[in-house]
Structure formats: structure tokens, C-alpha cells
Amino acid sequence: MSNITIKGGSASQKKHTRSMIEFCVSKMMPRIYNLDIVVKFTDLTKDNSYGFCEADPEGSSERLDRPREFKLEIHSKMKLRKLLLTIAHEMVHVKQYARGELYQGTRIAKHRWQGKWISNNLDYWDQPWEIEAAGREIGLFVQWAEKNKLGNQKWTHDE
């Protein structure tokens with residue numbers, strides 16, 4: 001079972017965030033049980049974006065190539081649909097780190113993707129880990145909404 005801690009946000013944001021995280025873990029990482037995920041809702045994320053995923057934020061994991069501790073910073077002023085799409089996007093990054101697909105290094109290249117070091121000069125939209133996360137976020141959201149019988153709710157549709 002994963003440990004999920006949510007700091008800040010409204011009661012609705014907390015409830016839906018926890019549900020989305022649990023869904024993403026069961027969908028993408030069904031055999032990984034020892035995840036520690038801290039979500040912090042904030043007015044301004046670390047990198048000035050909708051959301052941010054940091055693997056092993058305290059540097060305490062024994063296996064740096066497959067961390068189990070994560071911190072998600074999520075911009076709190078988004079509408080609920082966009083917020084949950086952002087959570088799904090960041091959970092794809094959690095999956096990438098936890099399964100050893102993505103590793104954030106400190107040397108020549110910034111990241112290792114599926115065993116290959118990737119240059120720091122790559123545009124955000126060309127980074128393979130961002131391509132996967134952007135591609136999966138809507139599908140995860142739709143599946144989550146269907147599973148929770150929320151498809152008839154106006155807020156779950158395109159804005």
C-alpha cells in the first residue's frame with residue numbers, strides 16, 4: 001500500500017487527488033507497494049508550472065535508480081479537471097522514476113531515459129519522458145472518471 005500525504009488544498013481537491021493517485025498507482029504500478037507520495041498544493045510551484053515531480057526529495061532512498069519517495073507540487077488555483085490532469089501527468093513521472101525508466105543525474109547530462117543519457121539541450125516538448133506523460137494524462141483522467149462514474153459531470157469534460 002502506498003502512503004499518500006496531501007498538504008493544503010480544499011477538501012474536494014484532496015479527495016479527488018487521493019483518488020487519482022490511487023488509480024494511477026493501481027493502473028501503472030500494480031506491483032509496487034511501498035511508495036511514499038507527498039502532494040503539496042501551492043500558489044507557485046518550484047519550476048513555475050502547473051505541477052512538478054521530485055523523486056527522492058530528501059535523498060533517503062537506498063536505491064537511487066528506483067526511488068520510492070516522491071514530492072509533487074501542484075498549483076492550487078486550477079479548475080478541478082486541469083488539476084487532475086496535472087496529477088495524472090506527474091504520476092506518469094512517478095511511474096518512470098519508480099520503475100527505473102527515468103533517472104535524474106547530476107553529471108554531464110541531466111537525465112537518463114531507459115538507460116541512455118539525454119542532453120540538457122533538448123527542448124521540453126522533445127524530452128521522451130514528457131512526451132509519455134503528456135500522452136497518457138488524458139487517458140488516465142478519462143479512465144479514472146469512468147471508473148468513478150463521473151463522466152456525466154460537467155467539470156470532467158473539455159473546458
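**Ground rules.** Residues count from 1 along each chain as its sequence is written, and side-chain values use heavy atoms, with hydrogens and water left out. Since the model is predicted, local features need pLDDT of at least 70 and side-chain atom pairs count only at pLDDT 80 or more, while totals for chains, interfaces and linings use all residues.

**Entry 1: α2 against α3.** I started with helix α2 (residues 80-98) and helix α3 (residues 128-147); helices here are DSSP runs of H or I, at least four residues, and strands are E runs of at least two, numbered from the N terminus. Their axes come within 8 Å and cross at roughly 125° (lines fitted to C-alpha atoms over the stretch in contact, angles from 0 to 180 degrees between N-to-C directions). The pair is therefore oblique (under 35 degrees is roughly parallel, over 145 roughly antiparallel, 65 to 115 roughly perpendicular, the rest oblique).

On the α2 side they include Arg-81, Leu-84 and Val-92, and on the α3 side Trp-129, Glu-137 and Phe-141. The residues of this contact split into 11 nonpolar, three polar and six charged (Ala, Val, Leu, Ile, Met, Phe, Trp, Tyr, Cys and Pro are nonpolar; Asp, Glu, Lys and Arg charged; the others, Gly among them, polar).

**Entry 2: α1 against α2.** Helix α1 (residues 11-28) and α2 have axes that come within 10 Å and cross at roughly 35°. Among the residues making the contact are Met-20, Ile-21 and Cys-24 of α1, with Leu-83, Ile-87 and Met-91 of α2. By class I got 12 nonpolar, four polar and one charged.

**Entry 3: the core.** Which residues have the most contacts inside the largest nonpolar core? I found Met-29, Ile-37 and Met-91, in a core of 40 residues (buried Ala, Val, Leu, Ile, Met, Phe, Trp, Tyr and Cys joined through side-chain atoms within 4.5 Å). α2 gives the most, 11 residues.

**Entry 4: Met-29.** Met-29 is buried at 2% relative accessible area (buried is under 20%, exposed over 50%, partly exposed in between, 1.4 Å probe, protein chains only). Beyond four places in sequence, Met-29 touches Cys-24, Leu-35, Met-91, Val-94, Lys-95, Ala-98 and Arg-99. Met-29 and Val-94 are 65 residues apart in sequence and 9.4 Å apart in space, C-alpha to C-alpha.

Methods: Contact means heavy atoms within 4.5 Å.
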